[in-house]
Amino acid sequence: MVTVFGLGFVGLTTALGFAHMGYQVYGVDVDEERKKTLREGSLPFLEPHMEEVLKKHIGKEFVITEDTAGAVADSEYIFYCVGTPYGACGSADLTYLFAAIDETLRAACDDKFRVLVTKSTIPPSTTAEKIEPYVRRMGASKEQIGVANNPEFLREGHCWEDFIGADRIVLGINDTQSKEMLTRLYQPMGIPIFTVSHSTGEFIKYLSNTLLATLISYSNEMSVMADTVGDIDVAGAFRILHMDKRWGGCSMTSYVYPGCGYGGYCLPKDTNAIYSLVKSKGFDAGILHNVIQTNERMPEFIAERIEKNIQPDSCIGILGLSFKPGSDDVRDTPAAKVIRKLAADGYRKIAAYDPIA
């Protein structure tokens with residue numbers, strides 16, 4: 001039995017993935033409207049292929065429950081897929097995560113061994129220095145509760161295929177029983193499983209997201225440099241760059257191509273969180289700092305480029321409002337920042353379009 005806290009992109013994909021594998025899964029969420037939509041067999045966001053999977057399993061292998069205590073009591077695996085947003089200083093906000101852990105510990109009153117698995121993205125050292133010590137302070141022994149992390153590598157718009165056809169499963173674990181249980185849970189997928197330390201598991205996720213953020217900001221900075229020099233076909237130059245055989249036919253070209261900056265949920269949150277973490281420990285990561293600064297400046301640079309060529313009484317067309325094509329997610333989207341800057345500078349005729357968002 002599996003309980004999943006949080007039914008957003010990551011949580012719903014995780015819950016449906018385990019249900020599809022034949023496990024009994026309980027879903028827990030605080031958003032009443034979201035639960036109502038899901039119980040009706042509809043997705044509250046755009047994600048290809050998942051609605052048909054939801055319709056197949058809802059009310060059967062996948063049950064959205066109001067009885068959190070009953071779900072926890074019935075489960076051996078508790079997954080946390082709640083939000084870990086970043087605040088003004090960039091650090092990860094763990095409020096929702098610890099609230100879900102509190103609910104779990106209140107319900108885990110028997111002798112059954114359970115493993116608490118954080119799938120939400122959390123900075124390296126969080127499990128070892130914050131979560132496990134907290135669980136032990138709350139009275140849960142190592143014989144009763146295991147603590148682990150299991151980072152996700154899902155792309156919005158490709159969540160289902162990225163779960164079912166994952167290229168690797170990473171488990172941050174420090175006890176044998178949790179390792180055996182989680183390995184057994186994932187074994188039927190036939191995907192390589194890597195068991196590492198708590199902090200290594202967390203770090204691998206940030207390694208992935210900060211690389212993507214760096215590639216995007218590098219490309220954007222180069223486009224600004226090209227614009228400064230002048231007489232450079234930026235789009236053509238990058239397309240020729242992509243022909244380099246060292247790229248090996250991979251799909252990273254969308255990250256190494258200039259645009260308005262990265263947005264959405266993961267890249268801004270995770271890049272800021274790990275920068276904030278290492279800075280608090282005494283290391284100022286200059287490259288990462290510049291990645292963040294470049295990204296913050298890009299929408300303003302785009303707006304300034306428009307303003308150099310178009311008068312304020314002209315009508316500006318904005319094509320695309322989500323943070324990337326094929327998604328309805330407008331969180332931290334560069335389009336909003338460009339529009340905000342144009343509006344602040346007196347541009348009042350702005351027509352915006354997106355096929356989905």
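**Exercise 1. Determine whether the faces of strand E2 (residues 25–28) are covered or open, and which residues show it.**

Step 1. On one side of strand E2 stand Val25 and Gly27, and on the other Tyr26 and Val28. In a regular strand, side chains alternate between the two faces of the sheet.

Step 2. Buried means under 20% relative accessible area, exposed over 50%, and partly exposed in between, with a 1.4 Å probe and protein chains only. Strands (E, at least two residues) and helices (H or I, at least four) are DSSP runs numbered from the N terminus.

The model is predicted: local features need pLDDT of at least 70, side-chain atom pairs count only at pLDDT 80 or more, and totals for chains, interfaces and linings use all residues. Residues are numbered from 1 along each chain as its sequence is written, and side-chain values use heavy atoms, without hydrogens and water.

**Exercise 2. Identify the strands that are joined to E2, and their direction.**

Step 1. Strand E1 (residues 2–5) runs parallel to E2 and is joined to it by four bridges; two strands pair if DSSP finds at least two bridges between them. Val4 stands opposite Gly27.

Step 2. Strand E3 (residues 62–64) is also parallel to E2, with three bridges. Here Gly27 stands opposite Ile64.

**Exercise 3. Describe the aromatic pair of Phe18 and Phe163.**

Step 1. The whole structure holds eight aromatic pairs. Rings of Phe, Tyr and Trp (its six-membered ring) pair if their centres lie within 6.5 Å; planes under 30 degrees apart count as stacked, over 60 as edge-to-face and the rest as tilted.

Step 2. The ring centres of Phe18 and Phe163 are 5.8 Å apart and the planes stand at 90 degrees, so the pair is edge-to-face.

Step 3. Phe18 belongs to helix H1 and Phe163 to helix H7 (residues 159–164), so that the pair links distant parts of the chain, 145 residues apart.

Step 4. Phe18 is buried at 0% relative accessibility, and Phe163 is buried at 7%.
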